[in-house]
Amino acid sequence: MRVKKLSLRNFRNYKEAQFIPHPSINIITGPNAQGKTNLLEAIYYSLRGCSFRAEKDRDVTNWESNHTVINTEVNLSSRLIKLQWKIQEGSKKLSLNGVERPRSELDLFGVVLFCPEDLSLIKGSPQERRHFLDYEVGTLSPGYSQLWRQYAKILSQRNSLLKEIRDHRSKQEVLEVWDEQLYRYGAKVIYLRLQVLKKLIPIARKTHFGLTGGTEELQAKYLSSLVLEPGLSEGQIYQVFSSSSKKIRQMELKRCQTLLGPHRDDLSLAINGVEAKTFGSQGQQRTVTLSLKLSQLDLWYHEFGEYPVLLLDDVLFELDRSRQNMLIDKILNKVQTFITTSFTGGIEETIKGAGLLWQVNAGSLTQKEEF
Ligand SMILES: Nc1ncnc2c1ncn2[C@@H]1O[C@H](COP(=O)(O)OP(=O)(O)OP(=O)(O)O)[C@@H](O)[C@H]1O
């Protein structure tokens, strides 16, 4: 997949901008606070329908305006697709080739982001690893995002109902209707996560082994709040969810919280048998993250026959030279990549002939040179 053209109106500090990127590597450079990450955010938004850092959609609209338009031309499976996002006062609309479409149509547009905040995938709370499962692992399974959003909605309604029952505003029998939906959607979410992880983990292990010159073995395991035997079907997960949940019904009513389900699950990550979160160095944690990101590229290619777009926000030059080279080697002429950095660190030599260098100054983008 390739982004052929990106046009922005009132996106963050870009009032009007046009970007015709190189099909391979694009290095976006410039001093701090000029709009480098904003540009990556615009690409991400157009392909995912949300920002990776704004809490609300209106945050991406230029402060002096009340609307944003992002037009993107994408080459996907040898077809040119024109995407348009119109964002105005908290509402947003997507059009594909001029026809209004739901956001779920974006499932086939692949984008992998690696930014400094991704280290929290290793160091952070289970919630941050669930974010990885839902926003990254999940995207490798078409339809997952919609399913997961539906589960989140049911969960929130069930939790409200638990409060109402406690306050005698609702009857306990009403819970059964929500329970059935919770188990059904919850089982689907867990099943899909496990299916993708079954393919992703071996690739990540191999990548990590390669990135560390054969010195580190990565272990990754899905930790469920349910007791799940390996290889269960979706129906069997449903049964486990249903029977386990019924056993703790009274506790849930007391605490007004749904205590079991995919929203309580986690991912364990270890290096050579030792937990990466507690014992891994910064460099090791960064390499685990890189392995997980690169394995997404490979799995995406395996599943859909095309590489997704890769966004590297301020992370490439944090890697040591050998990891930088391995990364460049992997993506060069295969994966369209957008790299932001305040300094280029002499990378021009490595990617000679396969990229463009862009300069950003106060929301204005200019092509500096061709490598
Ligand atoms: N909605 C908005 N409207 C206008 N300007 C905005 C908006 N949101 C953020 N900005 C401005 O965008 C700039 C930050 O851009 P960005 O995060 O892309 O910087 P950067 O070039 O990646 O910097 P760094 O090298 O420090 O990471 C800031 O100056 C900020 O004030």
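**Entry 1: α5 and α6**

I started with the crossing of α5 and α6, and in this predicted model it is right-handed. Helix α5 covers residues 175-211 and helix α6 covers residues 234-247. I looked up how they pack: the angle is about 130°, and the axes are 8 Å apart.

Next I wanted to know which residues of α5 meet α6. On the α5 side I noted E180, L182, Y183, R184, G186, A187, K188, I190, Y191 and L194. They meet E234, I237, Y238, F241, S242, S245 and K246 in α6. Sorted by class, this contact has nine nonpolar, three polar and five charged residues.

**Entry 2: α4 and α5**

I moved on to helix α4, residues 144-166, which also packs with α5. Here the angle is about 145° and the axes are 9 Å apart. Is this crossing left-handed or right-handed? I found that α4 passes α5 in a left-handed crossing.

The α4 residues that meet α5 include Y144, L147, W148, Y151, I154 and L155. Among their counterparts in α5 I wrote down L175, W178, L182, Y185, V189 and L192. The residues of this contact divide into 15 nonpolar, four polar and four charged.

**Entry 3: the six-stranded sheet**

Then I turned to the strands. There is an open sheet of six strands, in the order β2-β1-β4-β5-β6-β7, and the pairing is antiparallel. Which strands are at the edges? They are β2 and β7 (99-101), and each of them pairs on one side only. From one strand to the next, the twist averages 20°.

I checked two pairs inside this sheet. Strand β1 (residues 2-11) and strand β2 (residues 14-19) run antiparallel and are joined by five bridges. S7 stands opposite Q18 in β2. These two strands form a hairpin with two residues between them, and R12 in the turn has a positive phi of about 50°. The other pair is β4 with β5: ten bridges join them, again antiparallel. The partner of T68 across that pair is I87 in β5.

I also looked at what lies over the strands. Helix α1 lies across β1, β2, β4, β5 and β6, and it runs at about 110° to β1.

**Entry 4: S95 in β6**

S95 sits in strand β6 (residues 91-96). Is S95 buried or exposed? Its relative accessible area is 15%, so S95 counts as buried. Leaving out residues up to four places away in sequence, S95 touches K82, L83, Q84, E100 and R101.

A33 is in the loop between β3 (25-29) and α1 (36-48). It is exposed, because its relative accessibility is 76%.

S78 has a positive phi too, about 65°. S78 is in the loop between β4 (67-76) and β5 (79-88). With a relative accessible area of 74%, S78 is exposed.

**Entry 5: strand β3**

Why is β3 largely enclosed by the rest of the structure? Five of its five residues are buried, so that is the reason. I traced which way they point: I25, I27 and T29 go one way, while N26 and I28 go the other.

Strand β3 has two parallel partners on my list. It pairs with strand β13 (residues 337-341) over five bridges, and there the bridge partner of I25 is T337. It also pairs with strand β14 (residues 355-361) over five bridges, where T29 stands opposite Q359.

**Entry 6: L121 in α2**

Last stop was L121, in helix α2 (residues 120-123). Its relative accessibility is 4%, so L121 is buried. Which residues does L121 touch, beyond those up to four places away in sequence? They are R129, F132, L269, T289 and L292. I also compared L121 with L155: they are 34 residues apart in sequence, and C-alpha to C-alpha they are 24 Å apart in space.

Notes. Residues are numbered from 1 along each chain as its sequence is written. This is a predicted model: local features need pLDDT of at least 70, side-chain atom pairs count only at pLDDT 80 or more; totals for chains, interfaces and linings use all residues. Side-chain values use heavy atoms; hydrogens and water are left out. Two strands pair if DSSP finds at least two bridges between them. Helices (H or I, at least four residues) and strands (E, at least two) are DSSP runs, numbered from the N terminus. Axes are lines fitted to C-alpha atoms, for helices over the stretch in contact, and angles run from 0 to 180 degrees between N-to-C directions. A crossing is left-handed if the near helix is turned anticlockwise from the far one by less than a right angle, and right-handed if clockwise. Contact means heavy atoms within 4.5 Å. Ala, Val, Leu, Ile, Met, Phe, Trp, Tyr, Cys and Pro count as nonpolar, Asp, Glu, Lys and Arg as charged, and the others, Gly among them, as polar. Buried means under 20% relative accessible area, exposed over 50%, partly exposed in between (1.4 Å probe, protein chains only).
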